[in-house]
Amino acid sequence: MSKARAGGVPPEGPARAAGMPDMVGAAVCVVDEDGTIAWANAHAERVLGRDAAALVGRDAHDLLHRDQHGQPLVRASCRMTEAFLARVARVGSGWFERGDGSLVELAWLVAPCAPDGAHADTMVIFTGPDRGPDGAGLPAGSGSALSELERLALLAETTTQLTSTLDSEEALRRLVRLVVPRVADWAVVDLITEPDEVERAIVVHYEDGAFVTREELQGPMPPVPEESPMPLSRALRGAASTLVTPETYQGPPDTGVAIEQRRLFEATGMVSAAIAPIRGVRDVLGALTLGRSKGREPLTGADLSLLDDLTRRTGLALDNARLYQRQRKVAETMQRHLLAQLPSVPGLELAARYVPAPDDSQVGGDWYDAFTVADVTTALAIGDVVGHDLDAAAGMAQVRSMLRAYAWTHHEPPSAIVHRLDASMTHLTGVPTATLVFGKVEQDADGTWCLTWTNAGHPPPLLITHDGRARYLSQGHGLLLGTGLAPVRDDAALTLPPRSTLVLYTDGLVESRDRPIDEGLDQLRKHAASLAHRPLAAFTDLLLERARPPGRRNDDDVAILTLRTPAAQT
């Protein structure tokens, strides 16, 4: 991306400035190969109502380009952006948003700065009225039918926006911002929450350049009428879309829904509306109402086909979101119930936390376990089953149960127990691969606590002494489970210092697309060392809060198991 500075000096210093045209009556910007504004002259600052500091470094399309209603344009159909990226000469006209939010209509010319390819910057020349701070707003009476190209672009953007989220509330918010005010001034969404129960989830109006939610008009609605011929009642039963006016609900109301509809029209001032059912794969999910206020042309039959296309996409998006949420809830509930209750071990402190990935990610196979064996040994485990779905959670339960069974019936070193688990896992479960740290903690006759462990492809345990020294226990490391290679597994042993803390964790605590895992491990070590004197419960909570990668707290599950030894006996 080109580097630039404000104040009218383009990239590469005054030499480039000397080559820029000094046009009276024309606003000039230089846009780099990524579509980012690299320089703007003083006239561009006046016309666009923004100083150079507010222009330079910003995406030209996102910052400036709008349709006649003030809504962002679909990037894929923007001829100006296409010209930037292709570095071809092109002319056009359109609406641009000034710094105060008003719109100004300008003609534009895009041309490469250097046809010989010396650099990839492109010059944009804007011509048109030099509006002051009170520049043009939305054109009065605009916003009738969309052109065919605009309709196709809107449907394409709707598909992209709604299919890129699995949050039903977010999907509806995106829908509203796509259609208001491009298609209508008002958007109303009624959802069927239970059989015959309706919630008016959204009533939104576009006013003075902002979306205004009318919360007093939202809330529970009367039940779905069984035979009412009124438009919303029919839509909630899945009937075809319908055009509506205030007069539709002026007669004697036949149901409670009709009363609410009359109230809606009186409160909003809509003079024209269209209502369509939102259908899922098997059921009617609700209804979408789009309304126009006085001053815009009424909706017509030609708009109903567009509304049907919009609600069809909305129904699929809501179906997917609800299915995902049901699956996620089942998996998360099963995962929480199957995670172990920590045993009470005299002399030792134990703590554990499990944090599922939030709604925009899937449930994974992270797990921990702690249990006593033969009343003298405490077994510890932390693992991660490959996958991010219900199957992963089910596989986690199978692996955990098998590990417990082997540990109870075979009083062997950890490596032998894990070898048995590895040999049988692919035959007895549907789990392809998994990672695991399994260890045993025992108290010697002199009162010291000893840890023996083996590691099957999992991030190494972390040991923190009371004086704040922290190190990873990298010994005993071997292949992950499920490779089919029957590797030789080793045990490692260590005497745990008094008042030391052992941390077992899954990779969600340290791994990120945005940073190497070594950096995540280093951060975990530093934070753990700084918390060495905290009570174990507070230590575990704060470590979970501080060590997770910044900006990535919604990408993966995290399980963490901590153990602390007592003070030395005197």
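Here is a short chat about the sheet, the ring pairs and the salt bridges of this structure.

Mentor: Quick heads-up: this is a predicted model, where local features need pLDDT of at least 70, side-chain atom pairs count only at pLDDT 80 or more, and totals for chains, interfaces and linings use all residues. Residues are numbered from 1 along each chain as its sequence is written, and side-chain values use heavy atoms, with hydrogens and water left out.

Trainee: In what order do the 6 strands of the open sheet run?

Mentor: Strands are DSSP runs of E, at least two residues long, and helices are runs of H or I, at least four, numbered from the N terminus. Two strands pair if DSSP finds at least two bridges between them. Here the pairing is antiparallel, and the order is β2-β1-β6-β5-β4-β3.

Trainee: Which strands stand at the edges?

Mentor: Look for strands with a single partner, since one side of each is then left without a neighbour in the sheet. Those are β2 (37-40) and β3 (65-66).

Trainee: How many bridges join β4 to β5?

Mentor: The two strands run antiparallel, with β5 covering residues 103-112. One of the bridges has Gly94 facing Leu106 in β5. The number joining β4 to β5 is 8.

Trainee: Are the rings of Phe96 and Phe126 stacked or edge-to-face?

Mentor: Rings of Phe, Tyr and Trp (its six-membered ring) pair if their centres lie within 6.5 Å; planes under 30 degrees apart are stacked, over 60 edge-to-face, the rest tilted. That rule gives 3 aromatic pairs. For Phe96 and Phe126 the centres are 5.1 Å apart and the planes sit at 80°, so the pair is edge-to-face.

Trainee: How far apart in sequence are the parts that Phe96 and Phe126 tie together?

Mentor: Both Phe96 and Phe126 are buried (under 20% relative accessible area; exposed is over 50%, partly exposed in between, with a 1.4 Å probe and protein chains only). Phe96 lies in β4 (residues 90-97) and Phe126 in β6 (residues 122-127), so the parts are apart by 30 residues.

Trainee: Which residue meets Arg50 in a salt bridge at 4.0 Å?

Mentor: A salt bridge puts a side-chain nitrogen of Lys or Arg within 4 Å of a carboxyl oxygen of Asp or Glu, and the structure holds 21 of them. Arg50 lies in the loop between α2 (42-48) and α3 (52-55), and its partner is in strand β4, so the pair ties together parts that are 47 residues apart in sequence. Both residues are buried, and the partner is Glu97.
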